[in-house]
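Good morning, and thank you for the time on today's agenda. Please look at the sequence and the model on the screen while I go through the points.

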Amino acid sequence: MKSKRQTLIIAVLLTIFFMVVSTPWEFGLSYFGDSTVAWVLYYIIGFIISLYVTYAFLRALIMLVNHTCEQFKEINNGL
Amino acid sequence: MDFEKEKKARKLAIWVIGIMTGIWIILSVFSFTDTKERVRPRTENIHFNGVSALKGKQVFQAYNCMDCHTIVGNGAYFAPDLTKIYEQAGPAWLKAYLGSPGTYPTKTIVDIQLKQLLSKGEDLPKDIDAYLEKYSGAHDRVEHRGGVDALMPNLQFSAEEIDALIAYFIYTGKINTAGWPPKVIADKSVIEDQARKLEEASGIIRTSSASSAPSSGVENNTAQTTESPAAIGANLAKQLACTACHSADGSAVVGPSFKGLFGSSVPLTTGNSVNADEEYLRRSILQPNADIVKDYQQGVMPSFEGSVSEEQVNALIEYIKSLK
Amino acid sequence: MEIKYPTQRLAYPFFVSMLILFIIQISFGLLLALMQMDPNLLKGVFNFNTARAFHLNLAIVWIVTGFIGTILFIGPILGQRDVKPVWLVHVLLVALWVVVGWSIVTLPLAQKGIAGWIGNVPWLQQGMEFLEGGRITHILLFIGFSIFAYLTLVMFPKKVKRWNELHWGLAIGVVGLMSVWLFTMIPTKELDLQEYFRWYVVHYWVEAVWEIIHITLIGFILAKFFGADDKEVGFAVFWGISLVVLSGLIGNSHHYFWIGTPTFWQFWGSLFSALEPLPLIFCIWHVYLDEKHGVTPIKNRAAFYFIFGSALFESVGAGVLGFTMTMAYANLWEHGTWLTAAHGHMALFGAFGLLVLGAAYEAARQIKGINRFKEGLAKLSFWLLFIGLMGIVGSFAFGGTKQIYVYRILGLDWWGHHIRPAMSSARVLLGIFASIFILGAIVLIYDLLTLKDREISESNQKLINQKLTSPKSINKWYKSMSQFEFGVWLGGIWLFGLIVTAGVFSFNLHSVRVGDPTIPYLIMGIGYVGLIIITLLFAYRFLMAFEQRQDLLQVIQNFSNGQLETLDLKQQPPKGGIREQLILDRFNQLGYGQAFMVVSDIEMGCQHHTLHKILGTSFAWEVLETGPEQWRVKVGKLN
């Protein structure tokens, strides 16, 4: 469980980093065809989804690195 | 890792992909739907000289311009980006240049094109200096490179294709590129300094500083000289950018070569042929679309009526006569 | 793996076609480099745009041909049945050459401005970067892709329930290849819509469908080479593919920043394309892990060179270089400059080109019935291509950096002849490295086509093997790479990648924008040079450790089983870690390349994993007998 929390923390930090470099600061939020409400939505949805992607990546990578024979055997029998 | 957990994780991944597809579709539909704040420019609604920008898009693709130039930044990085070329250089420069893309137009020839556009009722600055002030890109190009060979091949666009391309560039100029390319905020002197350095390093001479190719005033040049009419004509042919299209060595550039032209029998598109006497040459300079030579395009050459004096026409004819 | 199904041989003509198209494609590349140096070269006869159209289209065609060859070659193994109908494979080959021939006729029409417009449909050619062919070409290609998808799918088990991740990966790949192509046929009247759909094809091919095929093929080939566990490969393939789609689906919007589409794409595109390197890191890590799985020497080290190169360049070219320029704030400067070309060359040839060339080596070996061949030329060509590609990318990066300054910061333009001279030294470098690259390609093609001449007979191979002896010590470049070290290398590559990113971002600084390029030049200089050097060193380090490991595996294999001392565990208690300790004690007395035999009365899978935890991958574990009365394993010491 501890490692799961660590993974999540790393994923959150990574996502925040990605969000920061992705924000088009200079243009502000006054785009054509857009509104502040839309932008708040973009940020919330964008954060959740990219957090998911980052977490899924870390989880898969950690599993790939730390796997043991028994673990994959279980899948083997299951799938 | 137990199997049930992994199965759930995989299902979740596929669900998220589904959600993303939804977001993608919503954003895409919104992108191409007009709103109050944002109306996409349409090629069919934009015309130049009666030709639509849609036709221009087709011409642009037909010549595969994108695999040398870039447009909205996409393309081959081998030649200028064309997205904003209309705002930079304006229609008269573009018309002059596209007629003979192997050579940069001189001020004189841009002026001639401007007058013709004005006579057709285009809404443009009334004289060449005002035009060059409005379209600073045209000013710079004329001042720096006027009359000099360009790197672009002579693609021999027809008159309609040229108008179509200009219409297309009017359209691309209206595209909201969200601040790209970034505005230049560097000081003029810094830019000029760097530009000079680069020019020196590669031996580029600007038209305005080169003695052999004056950029303005056709008249005073001819008045001062005491050379033979043919030599004056040769000089004129350069200034008026005749040589951008007509070679002196027999090769076909955009128009027929001057070499051996005088006295020859010229085949026309009508199937007839005409003897290239003085009268024919005069007519070809002043009303170039009266007779179109076989295998060449109508409407590409501008009329020089009103742009050249009677003596200058004679000098040009003498020059052509001299090229046997 | 050896040929099991006769129809695997049908792949061979596709590989030969691929090589022919490859050499033509890169010759056009060299021509373009020369045209960059002398823009008047062949002007009016064979214009730059036509040469570039060939360069781009052939790049796509030869790599797809390589995919076809590879999938036809491995498909029967995966589906456990022959390709059928055979005549359809021949039709596919003919169709391929018809498309190529037709393109040779139609693409130069751009010089005359003939597109064959009927209504708003260009039938002959359409002057769109990467997709220059006209509607007739589109239809021919679509037929080809459909045949290919059909041939692949009928090889697979009829019941979808029996498909594993590899089947799914290839199925999605071949169907995607076909269906994404359809977007090229949507007629558009405006430039923004045209570019919107153009990137559907280009992006969803190279950053989705091709990646999916790439991940699946790498997974399959490595499983066959190193005997990696099916389920583990399946796990890696599933998550590799999912991450590609999870990041790349919305990641496509990094093409929609400046084409006239709303600016919210800047946020979505930046965010998700920043995520796009994740699956690529995952993929190369998987390659690292799989390579350690091998317990017997592989027969084709050269092919592994190429496959490793492919995963590496995917990570560096597509992942790192893609990342450096993908956020809107960096893209604002990078867009429309040579930096794009730097990324494009490494990502396309590096990731996909090297993979199919590696597959061609293994396929050629098997189809020609060669057991082992002299790999000197193959490895020479690999390093020439590697260095050539690195140099090409470096030249583009160097030229592109100067181009940003002159073009975007100073606002000088091509017509004033300011950009060309600013980039002239980069252009010369480009020509030099392009020549090295072509040399590598010539060596490769010669080697592959005459591979039989370099066959090593079994008796000679035995002699060579016997000459290999256990080394007393191992050079540090040849030592096995620990997972930690691997991570450090990858981190180093990313560090320089982030430095380059910072350099591209630094064009936003006020001091730079008013005309002082020192900061970006310095940062990007350090970043690119560092990135190139560390990538080269990493590749060398990784492959040398791989070579050493393979040599040691060979040495261990040379021992006939009777020669080996035996450690009998039958009398030992099975629990409490005693058996593990005995094996460990024994192992610690071994020198490099020495081995002993363990005999047990129960399955030893978990002893293997205990050892794995302690020793990492520095031991060989060759299972010789698997029950039911006794289990025997050969344990050897590796680098």
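I begin with one contact between two chains: B:Arg40 forms a salt bridge with C:Glu190, and the closest N and O atoms are 3.5 Å apart. A salt bridge here is a side-chain nitrogen of Lys or Arg within 4 Å of a carboxyl oxygen of Asp or Glu. Before I continue, a word on conventions: this is a predicted model, in which local features need pLDDT of at least 70 and side-chain atom pairs count only at pLDDT 80 or more, while totals for chains, interfaces and linings use all residues. Residues are numbered from 1 along each chain as its sequence is written, chains are lettered from A and ligands numbered from 1 in the order in which they are written, and side-chain values use heavy atoms, with hydrogens and water left out.

How many salt bridges does the rule find across the interface of chain C and chain B? The count is six. The rule also finds 33 residue pairs in polar contact across the interface of chain C and chain B, both residues being at pLDDT 80 or more. A polar contact is a pair of N or O atoms within 3.5 Å; within protein, one must be able to donate a hydrogen and the other to accept it, and residues adjacent in sequence count only if both atoms are side-chain atoms. Helix α6 (residues 191-226) of chain C supplies the largest share of the side of chain C that touches chain B, namely ten residues. Helices (H or I, at least four residues) and strands (E, at least two) are DSSP runs, numbered from the N terminus. By class, that side of chain C has 48 nonpolar, 33 polar and 15 charged residues. In this scheme Ala, Val, Leu, Ile, Met, Phe, Trp, Tyr, Cys and Pro count as nonpolar, Asp, Glu, Lys and Arg as charged, and the others, Gly among them, as polar.

In extent, 96 residues of chain C are in contact with 79 residues of chain B, contact meaning heavy atoms within 4.5 Å. The area buried between chain C and chain B is about 7400 Å², and carbon and sulfur atoms give 64% of it. Buried area is the accessible area (1.4 Å probe) that two parts lose on being put together, summed over both. On the chain C side, C:Leu191, C:Trp415 and C:His417 lose the most area to chain B, together 11% of what that side buries.

I turn now to the inside of chain B. The domain assignment, which is automatic or from a database, gives domain 1 (43-174) and domain 2 (218-322) of chain B. The contact takes 14 residues from domain 1 of chain B and 17 residues from domain 2 of chain B. About 1300 Å² is buried between these two domains of chain B, with 58% given by carbon and sulfur atoms. In domain 1 of chain B, B:Thr108, B:Ile112 and B:Gln156 lose the most area to domain 2 of chain B, together 31% of what that side buries. Across this interface of domain 1 and domain 2 of chain B, the rule finds zero salt bridges and one residue pair in polar contact. Helix α4 (residues 107-119) of chain B gives the largest share of the domain 1 side, five residues. The residues on that side divide into four nonpolar, ten polar and no charged.

B:Leu27 lies in helix α1 (residues 3-31) of chain B. Is B:Leu27 buried or exposed? At 7% relative accessibility, B:Leu27 counts as buried, buried being under 20% relative accessible area, exposed over 50% and partly exposed in between (1.4 Å probe, protein chains only). Leaving out residues up to four places away in sequence, B:Leu27 touches A:Tyr42, C:Phe264, C:Trp265 and C:Trp268. A:Ser22, in helix α1 (residues 2-22) of chain A, is buried at a relative accessible area of 1%.

Finally, the backbone. A cis peptide bond joins B:Trp180 and B:Pro181, with omega about -10°, and B:Pro181 is found in the loop between α7 (159-174) and α8 (188-202) of chain B. Another cis peptide bond joins C:Lys84 and C:Pro85, with omega about -5°.
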